[in-house]
Amino acid sequence: MQRITFFVLTTAMIILATGCGKESLPVVEVTGRVLYQGKPLEGAAVLFYAETDQRSCSGTTDANGVYNIYTAGTDTNGAMPGNYRVAIKKVVNINASEKKEEATPYNPAKPTNSRPPVLKNLLPEKWGDPEQSGFSAQVVKGKNTFDFELE
């Protein structure tokens, strides 16, 4: 649980560190699809961690498991060319006041109540760790598509 909280806070700090103003960076289109046990995975965060000087970036999967990557602080969608380690998480806010687990997607910008969120990653932890996931992406000029299958 502490690892998930640490991850969310670290991600928020990265986004804040990149600045709130829009910049014109050399980003290219990056999209793909995530399948979990052969089915589209909805509501998962696809996180690209930069291995060199480019900015880290992320996207969220839709009902078809499709994601588009966005780089914080840019005026266009996409990622800067370069090598990335990739992590995939599906973090939900568990309503701690209910006896049953009622999961809702967690969005730190829109808290659901005044209590701190109780976060849970619904996927195996290895996929949420860019060092252990085994996923990587080499973004090049032009359109890039990276599909990930989680078994």
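**Reasoning from cut-offs in a predicted model**

A search of the whole structure, which is a predicted model, finds one salt bridge.

Me: What makes Glu131 and Arg85 a salt bridge?
Reply: The closest N and O atoms of Glu131 and Arg85 are 2.3 Å apart, and a salt bridge requires a side-chain nitrogen of Lys or Arg within 4 Å of a carboxyl oxygen of Asp or Glu, so the pair qualifies. The pair links distant parts of the chain, with Glu131 in the loop between strand 9 (119–121) and strand 10 (135–139) and Arg85 in strand 6 (residues 82–89), 46 residues apart.

Me: Why is Glu131 called exposed, and why is Arg85 called partly exposed?
Reply: Glu131 has a relative accessible area of 59%, and exposed means over 50%, so Glu131 is exposed. Arg85 has 23%, which lies between the 20% and 50% limits, and therefore Arg85 is partly exposed.

Me: Why is Val27 called buried?
Reply: With a relative accessible area of 15%, Val27 falls under the 20% cut-off and is therefore buried. Val27 lies in the loop between helix 1 (2–17) and strand 1 (30–36), and, leaving aside neighbours within four places in sequence, its contacts include Thr71, Thr74 and Asn77.

Definitions and conventions. Residues numbered from 1 in each chain as written. Predicted model: local features only at pLDDT ≥ 70, side-chain atom pairs only at ≥ 80, totals over all residues. Heavy atoms only, no water. Helix = DSSP H or I, 4+ residues; strand = E, 2+ residues; numbered from the N terminus. Buried < 20%, exposed > 50% of the residue type's maximum accessible area, 1.4 Å probe, protein only. Contact = heavy atoms within 4.5 Å.
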